[in-house]
Amino acid sequence: MASDAVSTSERIPVLLLKTKSTPTDAYEDIFSTPRSGFDHFEPIFVPVLQHKFEDEGMQQFEKLLRDKRIGKSADSAYGGLIFTSQRAVEAFAKLVEEGKGDANWPHLQDVPIYSVGPATTRALKAIPQAPPLQIFGEHTGNGDALAQFMLDHYGEWYKDRPTKPPLLFLVGEQRRDIIPKTLMDETLPDSRRISVTEIVTYGTGVMESFSSDFADVLRRTSDRPSRWVVVFSPTGCDSMLKGLGMLDDSTGKVTTETTEMQPETRISTIGPTTRNYLMRTFDYEPDVCAEKPSPEGVWQGIVDFGNSKPA
């Protein structure tokens, strides 16, 4: 006979520092569904980031789409697109929606669309186009690996061109430069080097209400045996660490004299970019860094951490 469900007071809160996706969120699904004997998590969303579309970049991108400047022909301005965030995909989806009614819109079925991971790929696949978009790179998981993949894949895609057509990279105000630096590395032979143009389609900042929202959730979960905080980007790390009482005001680093937090609070990052930011900026190494930047990767990292603790 199955055991009784774990009561709410016994569940381990998983504070997901992100906006809940609609209509469903894969992180909510995986942390609220019993799996492999684990039925004691409670996902709680605490939105950190505030996004807004950048008019200038959106207009620039829209003009390229409407003028059919992204394509496989030799006179096209760009031979493919790069997406490394769901926000950039949302900007693209907005333009696609606004262009509804044109049977051939958005004219991109013949070019490679590069995506850094499963979440971005899922968002791209949801954009309606017939024939569908050709999306590559889901398996790479980070910008460095995606750039290395593109050097080979894009090179093969346009193997008949001595100079590869430029790629268009839809980005936010804050981004790493690893992809353009890798693709445009001057040490690469001309036949392999790929020019990259970045268009800023959205801006990102910390929500004004995050600090108070986070403090409220910490208060509400203070009677639990333990809890997890899952961090998805460098933005908001400062406010998170302050909220947990871990920052030394005089140094801006995580204090080495932090008293044992009650309840026990552990931190997981979505991947190495955010982990490295925490280590470099705050001298803090999180308890878990997901091996794969996905709901399954985060869940597995937290479960494995719990299983590795001494009884």
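Predicted model: local features only at pLDDT ≥ 70, side-chain atom pairs only at ≥ 80, totals over all residues.
Start from that link. Strand β1 covers residues 12–17, and strand β9 covers residues 226–231. The two strands pair in the parallel sense over four bridges.

**The five-stranded sheet**

β1 and β9 belong to an open sheet of five strands. The order is β2-β1-β9-β10-β11, and the pairing is parallel. β2 (41–45) and β11 (288–289) stand at the edges. Each has a single partner strand, so one side of each is left without a neighbour in the sheet.

Helices pack here too. Helix α7 (residues 210–220) lies across β1, β2 and β9. α7 runs at about 170 degrees to β1. Helix α9 (residues 272–282) touches β9, β10 (264–269) and β11. The direction of α9 makes about 120 degrees with that of β10.

**The six-stranded sheet**

Another open sheet has six strands, with mixed pairing. Read across it, the order is β3-β8-β7-β4-β5-β6. Its edge strands are β3 (49–53) and β6 (134–136), and each pairs on one side only. On average, neighbouring strands of this sheet are turned by 25 degrees against each other, direction ignored.

Look inside the sheet. Strand β4 (residues 80–83) and strand β7 (residues 167–172) run parallel, joined by four bridges.

**Helix against helix**

Two packed helices are described by the angle between their axes and the distance between the axes. The table gives both values for two helix pairs.

| Helix pair | Angle | Axes |
|---|---|---|
| α2 (residues 55–66) and α3 (residues 86–98) | roughly 55 degrees | come within 11 Å |
| α3 and α4 (residues 118–125) | about 10 degrees | 9 Å apart |

Take α2 and α3. Their axes cross at roughly 55 degrees, and the two helices are therefore oblique to each other. The crossing of α2 past α3 is right-handed. On the α2 side, Met58, Phe61, Glu62, Leu65 and Arg66 make the contact. On the α3 side, the residues are Ala91, Phe92, Lys94, Leu95 and Glu98. By class, this contact has six nonpolar residues, four charged and no polar ones.

Now take α3 and α4. They pack at an angle of about 10 degrees. That angle makes α3 roughly parallel to α4, because angles under 35 degrees count as roughly parallel. Gln86, Val89 and Phe92 of α3 meet Ala119, Thr120, Ala123 and Leu124 of α4. This contact divides into five nonpolar residues, two polar and no charged ones.

Phe92 of α3 takes part in the contact with α2 and in the contact with α4.

**An aromatic pair**

The structure holds twelve aromatic pairs. One of them joins Tyr114 and Phe136. Their ring centres lie 6.3 Å from each other, with 45 degrees between the planes. The pair is tilted. Tyr114 sits in strand β5 and Phe136 in strand β6. They are 22 residues apart, so the pair links distant parts of the chain.

Notes: Residues numbered from 1 in each chain as written. Heavy atoms only, no water. Pairing = 2+ DSSP bridges. Axes fitted to C-alpha atoms, helices over the stretch in contact; angles between N-to-C directions. Parallel < 35°, antiparallel > 145°, perpendicular 65-115°, else oblique. Left-handed = near helix turned anticlockwise from the far one by under 90°. Contact = heavy atoms within 4.5 Å. Nonpolar A, V, L, I, M, F, W, Y, C, P; charged D, E, K, R; others polar. Phe/Tyr/Trp six-rings, centres within 6.5 Å; stacked < 30°, edge-to-face > 60°.
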